[in-house]
Amino acid sequence: MATSSRWKDIDDKFCLCSICLEKLKEPKLLPCLHRYCKECLSSIIPGTKDVIKCPECREETQIPTNGVDGFKTDFYSKNLVEYVQIQQSLKSVEIRECYGCSKHLKVAAYCFTCNDFLCKDCYNFHVANKALKDHQKHTLSLEDIKAKNITIEKLASMRDAPRCHIHLEEISKLYCETCSSLPICVACMHGAHKGHNLHEVKALAKLKREDLTKQLKALDEIEKNMKPITPGQAKENLTLNVNIEKEKVIKMHEEKYQNITTKIQDIEERREQVKQEKQNTEKKMFDSLQREKEKEIEEIKKKYDEILKVKKIEINESCQALESSLQKELTTLREKRERFDQDKKKLLELIETQLNENLKIIETISQHFDNIKKRCETLNVMASIILPSDNDWSAVQCIPDMCTAATNLIRDLKKYFPELTALTDVTVNYKQYAFGKPSVTTISARFDKKIGISLPYRFVFGMTSSGDGNIVISGITSDLEASFIIVIDMNGRILKEEETNTGEGCPFRYCHFLSQHKLATVCQPNEIGLYDIRGGSYIKTNISDVINSWPKDRYVMCVATDPVNNHILVGGHDSRDVFVFSDQLKHLHILVLPEMIKWPQDITVSDGHLLVCDCEVKKCYVTTMDGLESRLVGEFIEPNLEEGNYKPISVCTDGNGLVYVLWKDYGYPEQCCLVQYNHDGSKV
């Protein structure tokens, strides 16, 4: 219990913080009431600017412009402190001046109407005198404390209505809502509070109790019906997916390792066969020439010796060339096998890193759920005290704040965390190593299989694989007001369809495959997000909110993903800057393209390099991705066609490492040409 000097000014502004409640040792109340006494507020406010935080739940409270005096008096908390003070005084039987006889005697009772302590004799006279009949139900005795038949609710009913804050001799009859819950008398209706929003206390208390009961009922219904994915389930799903991805990585690399080992063994056997064939050929030729030489006359013996010598030289040269070719292929395969081992190690490390990062985020959300649960318990405990109480003033003062707390709780309980579903995914992209033959294909007006999309008409700006055999298409609706994402299967059947209205200009949307269930997408002017193909959840942010260097007039133009590092790369209009984000939408750094590039029309990542289509300069370049500035490695040769002025507008790769560049002629009629390149940039 705090010292009496701390509570002596009981009529001053004062509310309870968790520290004060701990000192009061009141077991029925939870520690988090978002309240402070004036002494606590005076010590906290000088070190803050606009808000203070509750030490338990960290909820912020706005500081009034006039400081401590601007806070509203909490009558219920004030009654609680006065009750504890009176209870302790009666239990300890303090020596005080009796209100009835003015003698310093042991206290035996307290009269809330007289607002003072009474000795035993004066208490007996107090309860026996008929003239003091109105005082008797407002008198608390030592026997009541010892019998433990007094509660906070019963104590609240003992108190008279408060005095008018202006006419202190008058009992308050009305409640002024305009002046922050001030009690006033009838005379104030035509005086200082004329024209204010006044209420009769009993009727208003009934309305406030009904409002709180409705809020608690709605809160209870939401708690019963909500079925979000819990942090525990998210952890189990994440651990299961991690184990599955690990098994996939290990199995894939074991198969690739075995295939390369088998090829190496085949080449070693071919080398031995070449050596054996060389020996056999030499022996056969030597024997044949030897027999011919013996049959010929002595004059031509020298000629056959020369022929034998020349043949041996030709065979040696041929075998040396074949040996060199086989050795080169063998070296390439061994290097590829080493890269497979390195990629396996990186992928396993990446899985562990994602596991730790996702577990941290899930733990943060779990703490949020626990905080909401504690707030619900606190509100229910306070409501169980206020609602049964007959003290209308306590109801009028406390219930509006409790209704506000219930409204905030309902809002927080309805809040959905789509990232819980996304956090159960493990983003792993497998690098392909293969070779193929390049070719040039002209795009015709007809296809073997067409995919139909129903009205309204849409303009497609992005298309990618979903990683599970489906196709994802993104773009803008025909009215140029909303962007869309559509997931379809290979038979043209629509599996999911989402439309988003950004309210800013023409929301062109682009997309690119990130993992089996995640899609990286950007939408003009500067939105970037992650779309979950399974559940349809979408997490997004504006690039201009996280990057100060993003100009107001710049808009996104393309998006790509780095399968090795799980990065998202975003290119903007009229800029050589490529912005790099993590798979959790955290900005990492800016990659500056070489000076010969004006701005990227489309980009993609292939074998550790960045492929850039620059429609303005009519070139498709290959650049590096390490560091903060990109270097030019090479460029793709434009198609050698007789007519048209072709510009590169799109670039992509397939599972075999081959590169495809779409070249477009903007003449009349417009024509397109799709060119297939080797992984080293060469074409047929």
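**Close-up 1. Helix 9 and helix 12 in contact, as seen in this predicted model.** The axes of helix 9, which covers residues 201-225, and of helix 12, which covers residues 392-414, come within 9 Å and cross at roughly 25 degrees. Angles under 35 degrees count as roughly parallel, and helix 9 and helix 12 are therefore roughly parallel to each other. The crossing in which helix 9 passes helix 12 is left-handed. Sorted by kind, the residues of the contact of helix 9 with helix 12 comprise 18 nonpolar, 2 polar and 7 charged.

**Close-up 2. The packing of helix 10 with helix 11.** Helix 10 spans residues 231-295 and helix 11 spans residues 301-386, and the two pack at an angle of about 175 degrees with their axes 10 Å apart. Since angles over 145 degrees count as roughly antiparallel, this arrangement makes helix 10 roughly antiparallel to helix 11. In the contact of helix 10 with helix 11, 30 residues are nonpolar, 7 are polar and 25 are charged.

**Close-up 3. An open sheet of 3 strands, with the order 6-5-7.** The pairing in this sheet is antiparallel, and its edge strands are strand 6 (116-118) and strand 7 (139-141), each of which pairs on one side only. On average, and with direction ignored, neighbouring strands of the sheet are turned by 25 degrees against each other. Strand 5, made of residues 109-111, runs antiparallel to strand 7 and is joined to strand 7 by 3 bridges; Tyr110 has Leu140 in strand 7 as its bridge partner. Helix 5, which holds residues 120-128, packs on the sheet and touches strand 5, strand 6 and strand 7, and the direction of helix 5 makes about 100 degrees with that of strand 6.

**Close-up 4. An open sheet of 4 strands, with the order 12-13-14-15.** Here too the pairing is antiparallel. Strand 12 (458-465) and strand 15 (494-500) stand at the edges with a single partner strand each, so one side of each is left without a neighbour in the sheet. From one strand to the next, the twist of this sheet averages 20 degrees.

**Close-up 5. The pairing of strand 12 with strand 13.** Strand 13 consists of residues 471-477, and its pairing with strand 12 is in the antiparallel sense and extends over 7 bridges. As one point at which to follow this pairing, Val460 has Gly475 in strand 13 as its bridge partner.

Definitions and conventions: Residues numbered from 1 in each chain as written. Predicted model: local features only at pLDDT ≥ 70, side-chain atom pairs only at ≥ 80, totals over all residues. Heavy atoms only, no water. Axes fitted to C-alpha atoms, helices over the stretch in contact; angles between N-to-C directions. Parallel < 35°, antiparallel > 145°, perpendicular 65-115°, else oblique. Left-handed = near helix turned anticlockwise from the far one by under 90°. Nonpolar A, V, L, I, M, F, W, Y, C, P; charged D, E, K, R; others polar. Pairing = 2+ DSSP bridges. Contact = heavy atoms within 4.5 Å.
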